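Trainee: Please take me through one interface closely. I would like the contact set, the area and the symmetry in one connected answer.

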Protein chains: 6
Amino acid sequence: MFAHNKRLQYTVRVAQSNPGLANLLLEQFGGPQGELAAACRYFTQAIAEDDPGRKDMLFDIATEELSHLEVIGSLVAMLNKGAKGELAEATMKEADLYRSLQGAGNDSHVTQILYGGGPALTNSGGQLWNAGYIDTIGDPSADLRSNVAAEARAKIIYERLINVTDDPGVKEALGFLMTREVAHMQSFEKALYSIEPNFPPGKLPGDPKFSNVYFNMSQGEGDLRGPWNNESTFEVISERDEQMAVDGGDGLPTVKLNKDELAAVQGMAARTASDLASDPETSADRGS
Amino acid sequence: MFAHNKRLQYTVRVAQSNPGLANLLLEQFGGPQGELAAACRYFTQAIAEDDPGRKDMLFDIATEELSHLEVIGSLVAMLNKGAKGELAEATMKEADLYRSLQGAGNDSHVTQILYGGGPALTNSGGQLWNAGYIDTIGDPSADLRSNVAAEARAKIIYERLINVTDDPGVKEALGFLMTREVAHMQSFEKALYSIEPNFPPGKLPGDPKFSNVYFNMSQGEGDLRGPWNNESTFEVISERDEQMAVDGGDGLPTVKLNKDELAAVQGMAARTASDLASDPETSADRGS
Amino acid sequence: MFAHNKRLQYTVRVAQSNPGLANLLLEQFGGPQGELAAACRYFTQAIAEDDPGRKDMLFDIATEELSHLEVIGSLVAMLNKGAKGELAEATMKEADLYRSLQGAGNDSHVTQILYGGGPALTNSGGQLWNAGYIDTIGDPSADLRSNVAAEARAKIIYERLINVTDDPGVKEALGFLMTREVAHMQSFEKALYSIEPNFPPGKLPGDPKFSNVYFNMSQGEGDLRGPWNNESTFEVISERDEQMAVDGGDGLPTVKLNKDELAAVQGMAARTASDLASDPETSADRGS
Amino acid sequence: MFAHNKRLQYTVRVAQSNPGLANLLLEQFGGPQGELAAACRYFTQAIAEDDPGRKDMLFDIATEELSHLEVIGSLVAMLNKGAKGELAEATMKEADLYRSLQGAGNDSHVTQILYGGGPALTNSGGQLWNAGYIDTIGDPSADLRSNVAAEARAKIIYERLINVTDDPGVKEALGFLMTREVAHMQSFEKALYSIEPNFPPGKLPGDPKFSNVYFNMSQGEGDLRGPWNNESTFEVISERDEQMAVDGGDGLPTVKLNKDELAAVQGMAARTASDLASDPETSADRGS
Amino acid sequence: MFAHNKRLQYTVRVAQSNPGLANLLLEQFGGPQGELAAACRYFTQAIAEDDPGRKDMLFDIATEELSHLEVIGSLVAMLNKGAKGELAEATMKEADLYRSLQGAGNDSHVTQILYGGGPALTNSGGQLWNAGYIDTIGDPSADLRSNVAAEARAKIIYERLINVTDDPGVKEALGFLMTREVAHMQSFEKALYSIEPNFPPGKLPGDPKFSNVYFNMSQGEGDLRGPWNNESTFEVISERDEQMAVDGGDGLPTVKLNKDELAAVQGMAARTASDLASDPETSADRGS
Amino acid sequence: MFAHNKRLQYTVRVAQSNPGLANLLLEQFGGPQGELAAACRYFTQAIAEDDPGRKDMLFDIATEELSHLEVIGSLVAMLNKGAKGELAEATMKEADLYRSLQGAGNDSHVTQILYGGGPALTNSGGQLWNAGYIDTIGDPSADLRSNVAAEARAKIIYERLINVTDDPGVKEALGFLMTREVAHMQSFEKALYSIEPNFPPGKLPGDPKFSNVYFNMSQGEGDLRGPWNNESTFEVISERDEQMAVDGGDGLPTVKLNKDELAAVQGMAARTASDLASDPETSADRGS
């Protein structure tokens, strides 16, 4: 069960109204690397997790991310508060209104016209948040890797936002949020390493014929070797013919059809065939 | 530039029509962990990558994922081929048609009625693919972590699909695709480790006051310690009061408004306030 | 700031595995009338709300909805737990597996194959949750009406789910959640009525020429009068000619173009006109 | 059946080209509170409604909303007409083109580059309209409340748009559309009150133990009482312990598994457990 | 302006309840080739069209498609009517309820649990309608081709639905709707041919060096010639080297950076380079 | 199987950084008429196509579209390269940063903050690409028409982009891509004409009573005749009464309910009826 206290996890002090900056900060409220996505990611994992230790960790961090969502949302609300009042009261001069709607370097009309200055569950470009951002699949060794990556991405977005802001209170709050992503990243890595074995994820082993092969599919100027395909780990296959039909077959798809199916497929093919269909060379449809 | 050869990377041999199974396999054609998502992920990274070695690797793997997309799509097409012909020719008996539309354990009408039996860019539940599945953000140390996680997730989904199939040709082709995810995972990990330093991602350091703190936000029965919050790395904070306003402030959001803004905000508040607003205790809006 | 306690707001007791029912319950986890939508709706309003009383209420209810999300998610996890284990361990017999994937009366493969049995942020049909479900616009008299309506809808969905379930523990937990929607509905109504005036929402008055008119746009058999258009409140206009161009103009759209714009528009029109364009009768484009 | 007359319901007179304003107006063409959403909402309800009176009202208003969609779309087309011609004919000077694409205070490139100046089914931020905006669920007492709220929201958006416009013809047309929302709101309220009883919606009564309880989930400075939780209606529960497991149970989720399920769950747990799993204290998974 | 008459364009006579069939029919209510998509497509074109003749045609057909939307929606409502009542009244036996929710060969729970039996703006798989289905771009010669194609697709979907139905009244109504798509297809083709010239669309001519070239990008077994690349129209280029860098350049991307940009790019590259970056062979980043 | 060569199909030469232009070009990278949509459209058709000639053509063109995706993506990457470096290194002056984020005439923050300057799978307005843009349905005569239309739309978008650019290298590359759409359009038209018969698509004939009727649904000033409804092909029906219930029935929807269903429907109606329900005139619900 959740409980709420009105004090934020980090005090929000905004130096002046700035709807344009508010709009950029929406990226971490309703964007793909934002705090709602983080909270939903860990919360859905926590509920289904069977290991009590990891379950506890996932609830700890999910709850903190909800508290971060409140911090970033409060930043947005404070940055918009002046313009919100002036729009609602229609006291703003027209030129100022246009300036406000345009913000500093980007569109802020989304939060003004549509959402009345409140934090909206969109990214900074107005794209609605959707659950396609959540990649939980219910396997701990996969989900923990997803969590590590998600924290890394969130850290970078906070860094970019800090770089476009000079309001000291905003910078400081964003710095706190950025730091916490690093801390969470460490926790998830340590949880991952405590699973033995954790590679490969799941139960089924890979087919040894293909698990240490590197297919050099992109060739030409700039075809390089590196740690990702060096000799000690990988066999590199560059010959185009050896990259195809690697099972030794003919590389063509086939299905066994029963008599009724075959008749129907042939009827359909005859009906919509191009004028090549009468050409014996082209009528050997390997699919049937 | 891409070139195409009509031979598949792996030969597809389907033992009999099975629209229900075809539908499940759509998960890896147009689903979030599927091959289109993988190809788009690495391709968008490859184009923007500045390091020539990683750029080469990303194009290698993106191109292979496109070839996998063709394999999984061909599996779907073969599994649907019989039913497609019978639907188009209306030769199927009604009872069989219903059976076909229902498939084996799930809905296959999506691929039949809507897409005519071809592979559709949806997941196995009919949800349209969308680019929210792609988490590329243009920072190598973050993107490589995302790639490792994506391969881990794809490996698990292939494992689940193999477990619900007994067609030997389908199992074999899925086994190949699953194995390749493991190989790619290794390449991405090695590429990540070759970046020094790679932790934390980006340039800005975390704030040392908060980077090794673990906030124990979820408490009660089952509140455990583990590698993710052990003493050697983390200071664990469990006191509720110490979890709030960790900057030492009052934990409340504020913004400095100019005179016009303040007047407008007060006007708006007066107009929509609840009947509590006249109560001095409640009118101290800390936000203004 | 949020805190979490591992005890649920309501104890979840599931009598037996039932992945099909789990899937139906997703409707209130990641569906449009579900608990995530409710929590996000009130949380976004709470952050931007300027009245301290309503702000407190919105945080109270948002926090309770998060706790409900945990209850419904736990129901899903318990209903799926058996099948999840058997799928992961591949110990299920094939026939049982198909039965499990098909569930009782609907597809459950979504939560099994895709999400590994955990609660997913989709509705019961697999549609990803998206923030288009949230209709917060930042005006209290509108938002409170939206909240009343949202609680009414959620109440109905819970009622339908209770009607398709006979697991006593599930029925009881759903009954609690349904009851709470009714309680919240009352709170929101009382908060709305405490705003004076609350009709019409906003500041601008309607144009009295049109604010008590009822346009009878649908006619024919079944054209009725009722409380929504009775004489004491409304003037009903049924004459088709009086329904058009009610401002007294000609009902056609016009714009004043400058000289350059006019020339360009005429050039474009000439280039793509149909063969009627040379007919003087049809070339009088009222739009220019 | 629908019929169309070329005269608009309200004459559209635009004083000069203004692509930026056109873009803002898209909010009510293809946005969540816009006229397409309104028309679809009432039209879907009308078709399924069993009461002939309400059915008639819903068709009346749905048809009027379609006519409003035509008005707002015509406003967009007229505001864009000059720029559309100049873009198509490439007669605009580059500086003017940039100005036009930027519009007055927001991006208008969406309607220019993508849609050629026509009204697009997006909101003012370019977000595609989607049916998640429609909350029809097929129960009159819930749907009518949703309709009242939708009209309230639309009224506010029109008010905001009027406040950012000074073209008299545009203001006047928007004023008409705004007024009609108020009229519709009245009709829906009267239709709702004519259903007896209309509270709570649906058939199932709430559980009296919980229907008049108010859980005070958000505490700390600013914890207030108000009409939404006053004594005459509600019992307020503030003790954290009394907010948890309100059914009197232990607040933990359980499911009864059969023998096969239990074995599989235990196998899975053993395989992916963290190093804590061997610790007896943590292995008591209450979920199984 | 639109007007509505309660008589449908085509009488709907349903022989018996069939929620499964209702669900399939949703494909043409809220699916990509359905009647809402058709109506929105032609309506958005009509509003922006400058040619009065085509404008009239587009309004004619848009209005008819709205009337078709009403027909298909009424079919869904009638097919669901029995089950809707039994669910709402909880009078259905449990076994029958499950049968009803499962429908005949597909899931019908979407229309029952979620939408209460009314027609929903989703396709037959539950995917929400979205405006991405509309491809209007505001150029008549392109839009008319899109319209022809849309009618062709809709015709095929109706044909498939007719093939899975044996209710004579449903078949007849679907046959009418299918026939009208063919009639509209003819009108759009004739409108397209009346534009001279209509190929290529737009004003800019293609580059003659590339406008009659056919790049044979897919090679291997099954590499055929046909009307689409025959000698009289096309020059076929099969040599891989001649398919690359067809402008005669080196096929690599370059941008001229100013001094500050160059310094920043080099700094970034140094920071995140893999261990190959110190290798002179690989450090020649052509992009800078 | 796909192979990749590092040389582009067309050399990309960008004269200077221009993030605003980069953002506009995203329209053809991740927009509805862009190259990913084109490649996915033809690729999905190719896999399911049974005719070997058309299959070859579809793979040829799909592969070329992937190569175009690489060209347009490389244009975006080069235009963003300078700003990307400066943002990552935080070396840009604040004023320049704002200018860069605002771009030339539109928002470029999407590609900077969110995606780090790389090409993103969004349109120029930040809308995520989704598979609703793909209209493949698996019938050649319909799909080829869709392909012709898609190429026509893409041609127009390229033309608009060329008109807003004056960088000679960008104009030249866009000109190549535009030209290729024209070439593909020709190939698809020729492939369509080689199917005999290709009209109407599919197998079922239209109902001759309705296949050459034109319903004049939009009337009033501007009601015209044209090639789309001329006498030689069409019978035009303008009488409103003749447009309704064209089958000769009463135009009302009916369903035969069994006894249990009827009882439930009547119970539900009684419970939620408006106060009109007791009025015999209005209780004759034709739907039951």
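Mentor: The contact between chain E and chain F takes 117 residues from chain E and 117 residues from chain F; contact means heavy atoms within 4.5 Å. This is a predicted model: local features need pLDDT of at least 70, side-chain atom pairs count only at pLDDT 80 or more, and totals for chains, interfaces and linings use all residues. Residues are numbered from 1 along each chain as its sequence is written, chains are lettered from A and ligands numbered from 1 in the order in which they are written, and side-chain values use heavy atoms, with hydrogens and water left out.

Now the area. Chain E and chain F bury about 10,000 Å² between them. Buried area is the accessible area (1.4 Å probe) that two parts lose on being put together, summed over both. Carbon and sulfur atoms give 60% of it. In chain E, the residues that lose the most area to chain F are E:Arg7, E:Ile137 and E:Trp228, together 7% of what that side buries.

Next, charge pairs. Four salt bridges are counted between chain E and chain F. A salt bridge is a side-chain nitrogen of Lys or Arg within 4 Å of a carboxyl oxygen of Asp or Glu. F:Arg13 and E:Asp247 form a salt bridge through their side chains, at 3.4 Å from N to O.

Last, symmetry. A 180° rotation with 0.0 Å of shift along its axis superposes chain E on chain F, at RMSD 0.0 Å. The same surface serves both copies: 100% of the contact residues of chain E recur in chain F.

Methods:
Least-squares fit on C-alpha atoms with pLDDT ≥ 70 in both.
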